[in-house]
Amino acid sequence: MELPEVYSLESIERFIRLLKKSPSGAVFNPWWQVDKQNDVGRIAPAIRRKQLAAYLRKRVGKEKLVVIGEALGYRGGHFTGIPMTSERILLGKKRDGGIEPEYVFSSMTPCQTSNPKKCPNGFSEPTATIVWGSLLGLGLKAEQFVLWNAFPWHSFDQRRGMLSNRMPTRRERSTGLSVLKAFLGLFPCNEIVALGNVAASQLKELNIESHRVRHPASGGAKLFLQQIGKIVKKLRA
């Protein structure tokens, strides 16, 4: 059942405030921090909070499938504020793959928060394109699936800078458990998919049952599509 609008708005705002408590070190919090080297300006975190809220609002009470990844990537949520969603998806540059910007949210105009001098057309993330394209191609409506990460923030390589990714440490992952638990409270779905081992282990820590599938990165796209296809087929049966 879809939640009343007022209740869903309050729950989402409360959830987004939880994201403020990110761990220190080589971790970027896109909703509350400015990437001084790569952001368009100081307004960037506020834009990302609004975009995340719009994305979540579109799905509360309508979800049939929750997909949990590992952590935000610099080509995806670092600049959009939305897990496994790139700027090029938001800016309509993935329409040829069947991904329309309004599938992410339609209550506001999407914005690029990365500095155009760094990447004129916005960043593109292969995982984002594969996951969105696969789920839509399998017949799910955009509001029926919700993408999130076991570690909600962006863990980067200190030596390589913000425009890099690394696996969050065990200690860092433990700080993300409360956020993951809160997210699953916001989207209490019976069908949860873990992309890879990190996501699966985090869900196991919370005693949450999930389907573990191959992460689509590093040559895993074909197996990911096969495995996720079987899960979606059962959902639609």
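This is a predicted model: local features need pLDDT of at least 70, side-chain atom pairs count only at pLDDT 80 or more; totals for chains, interfaces and linings use all residues.
The strands are considered first. Strand β2, which spans residues 65-71, pairs with β3 in the parallel sense over six bridges, and β2 also pairs in the parallel sense with β5, in this case over three bridges. Strand β3, residues 145-151, is mostly covered, as seven of its seven residues are buried. In strand β5, which comprises residues 192-195, both faces are covered: Ile192 and Ala194 are buried on one side, and Val193 and Leu195 are buried on the other.

Over the whole structure, nine aromatic pairs are found. One of them is formed by Trp132 and Phe145, whose rings lie 5.2 Å apart from centre to centre with 70 degrees between their planes, an edge-to-face arrangement. This pair links distant parts of the chain, with Trp132 in helix α5 and Phe145 in strand β3, 13 residues apart. Trp132 counts as buried because its relative accessibility is 0%, and Phe145 is likewise counted as buried because its relative accessible area is 0%; the cut-off for this class is under 20%. Elsewhere, Phe15, Trp31, Trp148, Phe183 and Phe187 form one aromatic cluster. A ring is also involved in a contact with a charged group, in that the charged end of Arg49 sits over the ring of Trp32 at 4.2 Å from the ring centre.

Attention then turned to open space in the model. Rolling a probe the size of a water molecule over the atoms shows where empty space is left. The largest pocket holds about 360 Å³ of space. Its lining consists of 19 residues, of which Ala71, Gly73, Glu125, Thr127 and Asn165 are the closest to the centre of the pocket. Both β2 and α5, the latter covering residues 126-137, supply at least two residues of this lining, and the largest share, three residues, comes from β2. When the lining residues are sorted by class, nine are polar, six are nonpolar and four are charged.

Gly76 is placed in the loop between β2 and α3, and Gly76 counts as buried because its relative accessibility is 0%. The C-alpha atoms of Gly76 and Ile89 are 9.5 Å apart in space, while the two residues are 13 apart in sequence. The other two residues concern the backbone angle phi. Most residues other than glycine have a negative phi. Asn207, however, has a positive phi near 60 degrees without being a glycine, and Asn207 lies in the loop between α8, residues 196-205, and β6. Ser218, also not a glycine, has a positive phi of about 55 degrees and is found in the loop between β6 and α9, the helix of residues 221-236. As the cut-off for an exposed residue is over 50%, Asn207 is classed as exposed because its relative accessible area is 71%, and Ser218 is classed as exposed because its relative accessible area is 72%.

Notes
Residues are numbered from 1 along each chain as its sequence is written. Side-chain values use heavy atoms; hydrogens and water are left out. On a 1 Å grid over the protein atoms alone, a cavity is a set of points where a 1.4 Å probe fits but cannot get out, and a pocket is an open set with protein on both sides within 12 Å along at least five of seven lines; lining residues have an atom within 4 Å of a point. Grid points are joined across faces, edges and corners, and a volume is the space filled by probe spheres set on the points. Helices (H or I, at least four residues) and strands (E, at least two) are DSSP runs, numbered from the N terminus. Ala, Val, Leu, Ile, Met, Phe, Trp, Tyr, Cys and Pro count as nonpolar, Asp, Glu, Lys and Arg as charged, and the others, Gly among them, as polar. Rings of Phe, Tyr and Trp (its six-membered ring) pair if their centres lie within 6.5 Å; planes under 30 degrees apart count as stacked, over 60 as edge-to-face and the rest as tilted. Buried means under 20% relative accessible area, exposed over 50%, partly exposed in between (1.4 Å probe, protein chains only). A charge sits over a ring if NZ of Lys or CZ of Arg is within 6 Å of the ring centre and within 35 degrees of the ring normal. Two strands pair if DSSP finds at least two bridges between them.
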